[in-house]
Amino acid sequence: MNEKEIGYINAVPLVDVMLVLLTIALTTATFVKEGALSVDLPSAKAQTREAPKVIRLTITKDHTYYINDKEIAQKDISAQLTQFSREDLCEIYADKTVMVEDLTDMMSLLNESGFTKVVIKTKTAV
């Protein structure tokens, strides 16, 4: 059989494709940067809304309770919660060895006190 050997590679189509990809990349890269558009915002007389406070509720492995790093007896938690706004964010930090019942009791107590913004803090899995 007579087969022709190709002694070279035609690089023109390869260069054409690479130039098209480069053009697309450069065109879209200018829009990726956040805040790239300069906008002169108008001023307003209304006051900015204050960020909600965060209430840190902690349950340790030996069943010690804390509100914002201040130790408190479990029976006094309801009374202490009255000093906070119901719009505040409640973050529950519970040791992983704490019984689920203790955690649900804390969540029920917050619900009964009128707190609706409640989160359970966890570690990010590696």
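Student: How many salt bridges does the structure hold?
Tutor: This is a predicted model, and the structure holds three salt bridges. One of them is between Arg 56 and Asp 69, with the closest N and O atoms 4.0 Å apart.

Student: Which parts does that pair tie together?
Tutor: Arg 56 is in strand S1 and Asp 69 in the loop between S2 and strand S3 (70-72), so the pair ties together parts 13 residues apart in sequence.

Student: Is Asp 69 buried or exposed?
Tutor: Asp 69 is exposed, because its relative accessibility is 60% and the cut-off for exposed is over 50%. Arg 56, at 33%, counts as partly exposed.

Student: What does Glu 87 form a salt bridge with?
Tutor: Its partner is Lys 117, and the closest N and O atoms are 3.5 Å apart. This pair links distant parts of the chain, 30 residues apart: Glu 87 is in the loop between helix H2 (77-81) and strand S4 (89-94), and Lys 117 is in the loop between helix H3 (100-112) and strand S5 (118-120).

Student: And where does Thr 64 lie?
Tutor: Thr 64 is in the loop between strand S1 (54-59) and strand S2 (65-67). Its relative accessible area is 15%, so Thr 64 is buried. The side chain of Thr 64 makes a polar contact of 3.1 Å with that of Asp 62.

Student: Changing topic, which residues line the largest pocket?
Tutor: The lining is Ala 94, Asp 95, Lys 96, Lys 121, Thr 122 and Lys 123. Four of these residues are charged, one is polar and one nonpolar. The space in this pocket is about 160 Å³.

Conventions:
Residues numbered from 1 in each chain as written. Predicted model: local features only at pLDDT ≥ 70, side-chain atom pairs only at ≥ 80, totals over all residues. Heavy atoms only, no water. 1 Å grid on protein atoms, 1.4 Å probe; cavity = no way out; pocket = protein on both sides within 12 Å on 5 of 7 lines; lining within 4 Å. Points joined across faces, edges and corners; volume = space filled by probe spheres on them. Nonpolar A, V, L, I, M, F, W, Y, C, P; charged D, E, K, R; others polar. Helix = DSSP H or I, 4+ residues; strand = E, 2+ residues; numbered from the N terminus. Buried < 20%, exposed > 50% of the residue type's maximum accessible area, 1.4 Å probe, protein only. Polar contact = N/O pair within 3.5 Å; in protein donor to acceptor, adjacent residues only side chain to side chain. Salt bridge = Lys/Arg side-chain N within 4 Å of Asp/Glu carboxyl O.
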